[in-house]
Amino acid sequence: MAEQIKATNITWHHHTISKEDRKKRNGHGGAVLWFTGLSASGKSSIAQALQEILFEHGCQAYVLDGDNIRHGLNKDLGFSPEDREENIRRIGEVAALFLDAGFIVSTAFISPYRADRNKARTLCGERFIEIFVDCPVDVCAVRDPKGLYQKAREGKIPEFTGISAPYESPANPELVLNTAELSVEDCVRKVVEYLQTRGIL
Ligand code: ADP
């Protein structure tokens, strides 16, 4: 997938509202919480539960969720390595826009390749918080809320992460949530504590 800008005669416009203005209005800073992990590891459940808490506290919070984005923005993409790369590239760009708008935006995508996550990190800068939702594949396969592991094992889903496609664990994530041991509530608490220590909340 080509990454160079194809259009000509385009100019970057700077916003007249600053990051500080937005922070003052919102009462918190912006951040990209990049949840990564196997299917059924708990990314969406944790991101949604966190969003509820943040919302209740008056924060600008939003979740970009894997399946939802594949219904719209990324509906032209499949699960080949190239399409997975482009999927994550677009999510990174959208997350960076939400960050620029002052949101605490959570992304809940398997995002299996380290290099792709690192590109999103480079794009978003120091407010990129990589959260490894760590759960053994056997536990994920027992949970299997969408029946995907069963289908993958029957050979009905090619290139399924953890079964027939690779997952590259983060080398230096800001946070690790072991969901085989921690409850959703415990995980949310850990994220909130982390945001507080970073001065985002
Ligand atoms: P993902 O977004 O990673 O594919 P989901 O959040 O959609 O995962 O599904 C995870 C499933 O595991 C849900 O059915 C959830 O209720 C269950 N689950 C059990 N324990 C946990 C936990 N500690 N954290 C997150 N999810 C958990």
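The lining of the second largest pocket is made up of seven nonpolar, four polar and three charged residues (Ala, Val, Leu, Ile, Met, Phe, Trp, Tyr, Cys and Pro count as nonpolar, Asp, Glu, Lys and Arg as charged, and the others, Gly among them, as polar). Do keep in mind that this is a predicted model, where local features need pLDDT of at least 70, side-chain atom pairs count only at pLDDT 80 or more, and totals for chains, interfaces and linings use all residues. Residues are numbered from 1 along each chain as its sequence is written, and side-chain values use heavy atoms, leaving out hydrogens and water.

Let's stay with this pocket (an open set of points on a 1 Å grid over the protein atoms alone, where a 1.4 Å probe fits, with protein on both sides within 12 Å along at least five of seven lines; lining residues have an atom within 4 Å of a point). Trp12, His13, His15, Leu97 and Asp100 lie nearest the centre of the second largest pocket, and H4 gives the largest share of its lining, five residues.

Among 31 lining residues, Ser39, Asp67, Ile110, Lys146 and Leu148 are the closest to the centre of the largest pocket.

Now to the cysteines. The structure has zero disulfides (pairs of cysteine sulfur atoms within 2.5 Å). For Cys135, the nearest cysteine sulfur, that of Cys140, is 3.8 Å away. Cys135 is buried at 5% relative accessible area, and Cys140 is buried at 0% (buried means under 20%, with a 1.4 Å probe and protein chains only).

Key. Buried < 20%, exposed > 50% of the residue type's maximum accessible area, 1.4 Å probe, protein only. Helix = DSSP H or I, 4+ residues; strand = E, 2+ residues; numbered from the N terminus.
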